[in-house]
Structure formats: C-alpha cells, structure tokens
Amino acid sequence: MATRRHQDQLDDRLAARLAATRALTLDLAAPLSDADATIQPHPDASPAKWHLAHTTWFFETFVLRDRVPGYELHNERWAFLFNSYYEGEGERHARPRRGMLSRPSLDEVREWRAKVDEALQGALADLSPEARKLVELGVQHEQQHQELFLTDILATFAENPVEPAYGSIEATPPRAIKPLGWIEGRDGLVEIGAQSGFAFDCERPRHRALLYPHRIADRCVTNGEWADFIADGGYSTPALWLSEGWDWVQANGVERPLYWRDDGTHFTLAGRRAIDAAAPVSHISYYEADAFARWAGARLPTEEEWEDAFASSDPTIGHQLDQAGPVLPKAGGGPFGDVWQWTQSAFLPYPGFKPEAGTVGEYNGKFMCGQFVLKGASCATPRGHSRASYRNFFPPSARWQFTGVRLARDA
Ligand SMILES: [Fe+2]
C-alpha cells in the first residue's frame, strides 16, 4: 500500500501530466480559426474543434460525472455531440456529420475545457485509485487525439487549393539514403505484449508467440524507393495486388501516396514541399504497403516479428510530439518517430484478453474486426506513446495517418 507521501507524489505527477497534456492540445489549436477547426475533410477524420470537445467530454463523463459527487455537466446536450462511439453512453451525433457543428463555437469549447480542467484538478486529490486510473486513461486518450488532430488538420488543409500551411518546418540537413540492411529475427517461442507501466487493454496480456526464421529490414521504405515502384508500373500491375487492394486502386484512381502531387512535391503540414527521397514514405494504405512488398520480393512483418525485433530499442529516440511549434518530421530513422508501420497481422484479441470494466471497455476491444496492426510511432505521436507493445490499428484502405512500411522476409 502506498504511503501518504508516496501517494502525494503520484498525485502531483498525474496533475502535472494532466495539465501539460490539456495545455498541449490548446497549443496545437492556437494557429486555427473557428472555420479551420470546424471543417471535416472526410468521414474518417474529425474537425479540430470536435477533438478539443470530445477529449473534454471523456473526462467530464467518465471522471467528473461518474466519480465526483455534485459535479454538474457544463451542457447536458453536448454529450450527444461529442460522444464518439460509446454505446454505453447512448445515442450520438453521426460521425460523418461532425463538420456540420458550427455551434458550439471554438471559444465556447475552450471555455468548457477550462471549466473541466479546473474541476479535475480540484478533484484529483480525493479520487479513488480506480478513478485516478480513469484520469490516466483520459490523458492517454487525449494524447492519441493529439496525433489525430494533426493528421485531420493536414487532411483539412489538403482540401484547400491555396494550400495553407499549419506550421513551419525546422530546417534539417538532407538525409543520406542508407542502404537497406536486414536484421536476423529470432526463431522459436518469444514473449510479446505489455509488461509494466501504462498500456492500453489490447496490449495485454503478455503471452508467447511462435516465430519462424525471418529477417526484418533495418529501416523503413523511402520515398525514393516508392518512386521506383511507381516508375516500374507498381500501380498498374494487378499481379502485385491483393484482389481487394486492386479493386480499391481501380475504384479510387490511386496512383501515388495520398499527399504526393505529380511534380515531385507533396502536401505537408508546412504546405507544399519537395519530396525528400531519403525520408520514409508516408500516407500509404495497407494495400499499397502489401503491393510494394510483393514488388520488392519481400512481405510485411507480423506484429510479433516487429515487436520482438525492436523490444529493446530505445523508444525515446526520434521526434515525438511534446510541444506545439514545428511539427514536421525530423530525421529519426529508428523504429519509432517517423511513420507507423503496417504489419500483416489482423487486430485481434491476445490470448486471455479482457476489456476494461464499464463503458470504457468499449475503448479497443470492439474494433477487433477488419483492421490491421501498425507498429512503431510517427512524427506526430506524442512523447510517451512509443513502445514496442503499442498496437495502433486502421482499416486496410486508411492512409490519412502517417503510415509507412518496413519490409520483412522469410529467411
Ligand atoms: Fe476518443
């Protein structure tokens, strides 16, 4: 049992992390007008204002309403607008219609955030350990939304023909193209899954997995290599594609990564920029990653191969979001901090998986159908979310996230 002094220190740490996380979200929104923050570029993305409000709803609902006696909701009708997908919380506004919410205004959402922040900080010391765990989950949840906020603003500005810039790029020297090397993977039984510290429910329990002889690339596929794939007819050769992927290419007229233009530039959070041939390719779907791997005589790694290969890599190396400002990729080159990497593994429960109790049990478990696991972390991932056991997941056609590919091979 924690001593009083130890408990105070834990409370201080959680209070500080909560304040810093909430402040960073506001900083990320600082360059945006209400109009910027209200647009929904496509049904999978959400408006910036919605992210600011939904993360606040999460704390207000699961911590303040449920765990703090006497707390009064800021506005009872807003729960309908800002509940994302929690059936346990009842009816909600349709996801594809989130861009229709001109009210509440961005300022009203900011006022709500301030009220909820004050109430949370005031309540923290008296919360039960279970309630404090929900505050921790709320912090981790808001950090996930910080990455979504950036990918969704990129998608929003990409819709605008005058190509506005959200932020600026820090000048970095051009990267040298590193020859691709192969890491010998382990063969036999290994253990994967989270061991200690915070982890989402889907990262547990730790369990055994069987690996077969294989090798995994020591870096991600680059933009230059992707240009070679395009020049070699990668997008017009059906034999390289899964049937579903080929249908997707045809139906959507896909010819290049999402934000690439046809003149050697791509659209970024700093506006239109020249494509760096040595940087990891980003904004590709699972289908594209899989087709590229086939073209290269390789395959996608399994999530177990990826996790075992990089379990002892330092996840603090590489750019990770911890402050607003220049938000574009810095040269990392390691497994974390450039792009999320598609694996061939379906997002499924680990043996012995148990969702959290209560409505927050809907967090990950109910999405374990039709999605693939991505490992690593991207340039937009908040610091602290990089760990080998982390399981990001998206449907195979999604490519508005910072998603790339690392190859693997049977040995
Ligand atoms: Fe959420």
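**Cis prolines, an iron site and a buried threonine**

Pro 104 is placed in the loop between helix H4 (78–82) and helix H5 (106–123); here helices (H or I, at least four residues) and strands (E, at least two) are DSSP runs, numbered from the N terminus. The peptide bond that leads from Arg 103 to Pro 104 is cis, its omega being near 0 degrees. The model is a predicted one, in which local features need pLDDT of at least 70 and side-chain atom pairs count only at pLDDT 80 or more, while totals for chains, interfaces and linings use all residues. Residues are numbered from 1 along each chain as its sequence is written, and side-chain values use heavy atoms, with hydrogens and water left out.

A cis peptide bond also joins Arg 204 and Pro 205, with omega about -5 degrees. Pro 205 lies in the loop between strand S2 (188–192) and strand S3 (207–211).

The iron ion has as its protein donors His 54, His 141 and His 145, each through NE2, lying 2.2 Å from the ion. Donors are N, O and S atoms within 2.8 Å of the metal (3.2 Å for Na, K and Ca); water is not among the atoms, so sites may look incomplete. Along the sequence, the spacing of the donor residues is H-x86-H-x3-H.

Thr 55 lies in helix H3 (residues 48–67). This threonine is buried, with a relative accessible area of 1%. Its side chain makes a polar contact with the side chain of Arg 113, at 3.3 Å; such a contact is a pair of N or O atoms within 3.5 Å, where within protein one must be able to donate a hydrogen and the other to accept it, and residues adjacent in sequence count only if both atoms are side-chain atoms. A polar atom of the Thr 55 side chain also lies 3.2 Å from the backbone oxygen of Leu 52. Leaving aside residues up to four places away in sequence, Thr 55 touches Arg 22, Arg 113, His 141, Glu 142 and His 145, contact meaning heavy atoms within 4.5 Å.

His 283, a residue other than glycine, has a positive phi near 65 degrees. His 283 is placed in the loop between strand S6 (271–274) and helix H9 (286–295), and is buried, with a relative accessible area of 7%.

Technical notes. Buried < 20%, exposed > 50% of the residue type's maximum accessible area, 1.4 Å probe, protein only.
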